[in-house]
Amino acid sequence: MNIIANSTLLARRIAELQRRRGLLAERQERLRQSLPDWTFAPLKLVGMTAEEIRSMMSELSDAERAAGLDEVDRELERLDSEIEDAENALLAAPATSLEAVQVLLELALGRFRATTTTDPSDVFYDYGDARVLLFLERAAEDLRALLSDSERVAS
């Protein structure tokens with residue numbers, strides 16, 4: 001029972017860290033959109049001298065720093081590190097029950113869903129990845145049903 005609780009707590013911690021990371025990434029994007037127009041035009045650097053490019057990059061760094069982007073970047077790195085540490089702890093704990101397997105599967109599914117497009121009209125759509133996602137979702141659904149049935153029988 002201890003491993004189940006630990007796995008569940010780690011999965012919850014990871015989900016909370018990922019939620020915070022998502023909010024921070026949205027803030028980062030809003031801050032980037034608030035930067036001056038010249039920061040969005042790196043292609044205008046064509047034809048500039050090395051010194052002009054260095055000066056432009058310095059100004060860009062100053063603008064990002066003034067907007068608070070460097071602080072957001074540091075916080076994102078910290079959260080990524082915390083997520084990785086929690087995931088490593090979860091992976092190091094052997095799954096000794098179906099509940100622990102479910103925690104791992106749900107965590108993997110969440111990550112895979114976030115990176116896999118299921119819209120065939122999307123340019124990044126990959127039939128193979130979308131199919132694997134369907135298989136994993138089906139396995140998770142079946143596992144949830146089995147666990148639910150076993151809980152009803154145990155009651």
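How many salt bridges does the count come to in this structure? By the rule that a side-chain nitrogen of Lys or Arg lies within 4 Å of a carboxyl oxygen of Asp or Glu, the count comes to 10 salt bridges.

## Basis of the report

The model is predicted, and for this reason local features need pLDDT of at least 70 and side-chain atom pairs count only at pLDDT 80 or more, whereas totals for chains, interfaces and linings use all residues. Residues are numbered from 1 along each chain as its sequence is written, and side-chain values use heavy atoms, with hydrogens and water left out.

## Nonpolar cores

A nonpolar core is taken here as a set of buried Ala, Val, Leu, Ile, Met, Phe, Trp, Tyr and Cys residues joined through side-chain atoms within 4.5 Å, where buried means under 20% relative accessible area, exposed over 50%, and partly exposed in between (1.4 Å probe, protein chains only). The largest such core has 14 residues, and the members that touch the most others are Ile 14, Leu 24, Val 72 and Leu 90. At least two residues of this core are supplied by each of helix H1 (2–33), helix H3 (69–92) and helix H4 (98–115), helices being DSSP runs of H or I with at least four residues, numbered from the N terminus. The largest share, 7 residues, comes from H3.

Leu 90 touches Ser 7, Leu 10, Ile 14, Val 103, Leu 104 and Leu 107, not counting residues up to four places away in sequence; contact here means heavy atoms within 4.5 Å. A second, separate core of 6 residues includes Leu 109, Leu 133, Ala 140 and Leu 143.

The 18 residues of H4 should span 26 Å at 1.5 Å a residue, and its end C-alpha atoms are 26 Å apart, which agrees; the expected span is 1.5 Å times one less than the number of residues in the helix. The buried residues of H4 are Ala 100, Gln 102, Val 103, Leu 105, Leu 107 and Leu 109.

Thr 116 is found in the loop between H4 and helix H5 (127–154), and it counts as buried because its relative accessibility is 12%. A polar atom of the Thr 116 side chain lies 2.8 Å from the backbone oxygen of Phe 112. Thr 116 also touches Asp 129, Ala 130 and Leu 133, residues up to four places away in sequence not being counted.

## Salt bridges

Side chains of opposite charge can pair when their charged atoms come close. Within helix H1, Glu 16 and Arg 19 are 3 residues apart, and therefore separated by about one helical turn; they form a salt bridge in which the closest N and O atoms are 2.7 Å apart. Glu 16 counts as partly exposed at 30% relative accessibility, and Arg 19 counts as partly exposed at 44%. In helix H3, Asp 70 and Arg 74 are 4 residues apart, again about one helical turn, and their side chains meet in a salt bridge at 3.9 Å, N to O. Asp 70 is partly exposed, with a relative accessible area of 25%, whereas Arg 74 is exposed, with 51%.

The salt bridge between the side chains of Arg 21 and Asp 80 (2.4 Å, N to O) links distant parts of the chain, since Arg 21 is in helix H1 and Asp 80 in helix H3, 59 residues apart. Arg 21 counts as partly exposed at 29% relative accessibility, and Asp 80 is partly exposed at 31%. A network of salt bridges links Arg 13, Glu 75, Arg 78 and Glu 82.

Technical notes: A polar contact is a pair of N or O atoms within 3.5 Å; within protein, one must be able to donate a hydrogen and the other to accept it, and residues adjacent in sequence count only if both atoms are side-chain atoms.
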